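Hi,

Here is the structure I promised to pass on. Have a look at it first, then read my notes below.

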Amino acid sequence: MTSTDPYSILGVARSATAVEIKAAYRLLAHERHPDKKSGSHEAFVQLTAAYEYALARCGRPAGSSASTSPPPRQESFDEFMARTYRHWERSSQEREEYFRRTHAHAPFRLLWWRLSHDLLAAAHDLAKLLRRKP
């Protein structure tokens, strides 16, 4: 997925209502979810960011919750994506630091956690490669 226009990612017009954006997101999220055979994590993250950005632009109803704060009106979609990725990277670093503090007395546990995390990421990448058709 190489498009940086949130509306083309969602497949809706720029004048779409919040209901149309939500319906398009749910349909695409079901197709592109990482747990699906044809889904990928990167595509799902970009789709979710496009959904949040488009909802913020069309006027999100008051009181609705979001995983990240809505972007300011002058922020481009690329800037919003960069901020979102920084947020996820920071939370990953915070999880590792928490694990390090809680298991400081057991250094092998931290080593095992890191190895299992790296092995899981490698297995995920290998599975994605094997799913590709030559």
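Aromatic pairs first: the count comes to one. Rings of Phe, Tyr and Trp (its six-membered ring) pair if their centres lie within 6.5 Å; planes under 30 degrees apart are stacked, over 60 edge-to-face, and the rest tilted. Here Tyr25 and Tyr51 are stacked, at 4.1 Å centre to centre with 15° between the planes. Tyr25 sits in helix H2 (residues 18–32) and Tyr51 in helix H3 (residues 41–58), so the pair ties together parts 26 residues apart in sequence. Helices are DSSP runs (H or I, at least four residues), numbered from the N terminus. Both Tyr25 and Tyr51 are buried. Buried means under 20% relative accessible area, exposed over 50%, and partly exposed in between (1.4 Å probe, protein chains only).

By the way, this is a predicted model: local features need pLDDT of at least 70, side-chain atom pairs count only at pLDDT 80 or more, and totals for chains, interfaces and linings use all residues. Residues are numbered from 1 along each chain as its sequence is written, and side-chain values use heavy atoms, leaving out hydrogens and water.

Now, back to H2. Which of its residues are buried? They are Ile21, Ala24, Tyr25, Leu28 and Ala29. Seen down the axis of H2, these buried residues fall within an arc of 130° (taken from the directions from the helix axis to the C-beta atoms), so they line one face of the helix. The face turned away from that buried side carries exposed Val19, Arg26, Leu27 and His30.

Finally, Leu111 is in helix H5 (residues 107–131), and is partly exposed, with a relative accessible area of 46%.

Cheers

Technical notes:
Helix = DSSP H or I, 4+ residues; strand = E, 2+ residues; numbered from the N terminus.
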